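Here is a short briefing on one protein model and its ligand. Please look at the sequence and structure first.

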Amino acid sequence: MTTARNYSISVIPGDGIGKEVMPEGVRVLERAASLYGFSIEQTWQDFACCDYYARHGQMMPDDWKERIGQPDAIFFGAVGWPDTVPDHVSLWGSLLQFRREYDQYVNLRPVRLMPGVPCPLVGREPGDIDFWVVRENTEGEYSSVGGKMFPGTPREVVIQETVMTRHGTDRVLRYAFDLAATRDRKHVTSATKSNGIAITMPWWDERVEEMAKNYPTVTHDKYHIDILTAQFVLNPDRFDVVVASNLFGDILSDLGPACTGTIGVAPSGNINPDRTAPSLFEPVHGSAPDIAGKGIANPVGQIWSAAMMLEHLGEADAAAAIMRAVETVLAEPGLRTGDLKGKANTEQCGKAIADAL
Ligand code: ATP
Ligand code: MG
């Protein structure tokens, strides 16, 4: 850990366009630091990428924790190169290691419609859609508890359990209510399915009600996941903070950004709210092998991730300024990248955002 307003950041560009958008994320971070009077100490890491795997037969060195040390945050690009390393190997060997080791129990994604980004939902304008999806990131439906009976026979039975703990559920609910309490609308929507999943989901609903008692200024409601996905598309203006279990959150946190346009602009945080270990910030998009090496990738997802990271570190003014700069640049066709029908390349777009700051 470093002292106040001097932040140590582990920079991991990863694969493909991760290597191209990362310098733009760092450019904007450095500019924000100089304008807002804090400093960023960067340590770049060459592991957690498929080049490292090609040389060493694993995604990260055995002593990766020692090499990373104790940074205030991890700034991540993208991982994966399916031609050489299967996706489950690259993902499990890198991002999921961080998530588990650093107990990043919240996955946080904004769903916000930005100027210049065509919205697939008819008639929606920037300002109409602005909410957060808070996903439980460590337990729930993604357990490895279960098994097969009579495999390969007509009597085959397959079981996989959902494991929810009071500790694991309450802490993500607390994060969602805390987040809502900081917002204008102060509203939490819980994703449930208590009409079909008879044990875990009614219990989840109870935990939501219990947690809500601690937040008299925050309103809350719940939707079954099937209706909720429809509401994301039909009435996205209804939401402020949406909290969900691991599986439901996984679905919603892809659906949300898809409702607000291109994958190239969306950011995400894997957050340890207790700050017992670093949180990790990365764009939602992957390594995009089809456009890698051309210098045309949209850097906004990486830059927006930088803003989320600064918010987490306590530099809210700088984070807000980055978002204003992003909006200014996205509104200008000449400064947008090709995926948004613009003319700029990755570097030109990144520089324009740094200058707009
Ligand atoms: P993951 O690695 O998470 O599995 P994916 O393979 O599902 O990701 P991505 O790599 O994110 O998908 O990209 C899907 C497609 O979207 C890419 O092939 C690319 O054409 C486009 N794309 C993704 N990110 C960007 C970006 N930053 N700028 C422009 N186009 C992008
Ligand atoms: Mg991919």
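An unreviewed UniProt entry annotates residues 8-353 as the domain "Isopropylmalate dehydrogenase-like". The model shown is predicted. Across residues 8-353, the chain is 39% helix and 19% strand. The end C-alpha atoms of that stretch are 23 Å apart.

**Ligand 1**
- Ligand 1 is surrounded by 14 residues.
- The closest are Gly264, His285, Gly286, Ala288 and Asn298.
- The shell around ligand 1 has 7 polar, 5 nonpolar and 2 charged residues.

**Helices H6 and H7**
- H6 spans residues 166-181, and H7 spans residues 200-212.
- Their axes come within 10 Å and cross at roughly 50 degrees.
- That angle makes H6 oblique to H7.
- The crossing of H6 and H7 is right-handed.
- From H6, Thr169, Asp170, Leu173, Arg174 and Phe177 take part in the contact; they meet Trp204, Arg207, Val208, Met211 and Ala212 of H7.
- This contact has 6 nonpolar, 3 charged and 1 polar residues.

**Helices H10 and H11**
- H10 covers residues 300-313, and H11 covers residues 316-330.
- The two axes come within 7 Å and cross at roughly 160 degrees.
- H10 is therefore roughly antiparallel to H11, as the angle is over 145 degrees.
- H10 and H11 cross in a left-handed way.
- On the H10 side, the contact residues are Val300, Ile303, Trp304, Ala306, Ala307, Leu310 and Glu311. On the H11 side, they are Ala316, Ala318, Ala319, Ile322, Met323, Val326 and Leu330.
- By class, the contact of H10 with H11 has 13 nonpolar residues, 1 charged residue and no polar ones.

Definitions and conventions
Residues numbered from 1 in each chain as written. Chains lettered and ligands numbered in written order. Predicted model: local features only at pLDDT ≥ 70, side-chain atom pairs only at ≥ 80, totals over all residues. UniProt positions renumbered as here; feature names shortened; annotations may be inferred. Helix = DSSP H or I, 4+ residues; strand = E, 2+ residues; numbered from the N terminus. Near = placed C-beta within 6 Å. Nonpolar A, V, L, I, M, F, W, Y, C, P; charged D, E, K, R; others polar. Axes fitted to C-alpha atoms, helices over the stretch in contact; angles between N-to-C directions. Parallel < 35°, antiparallel > 145°, perpendicular 65-115°, else oblique. Left-handed = near helix turned anticlockwise from the far one by under 90°. Contact = placed C-beta atoms within 7 Å.
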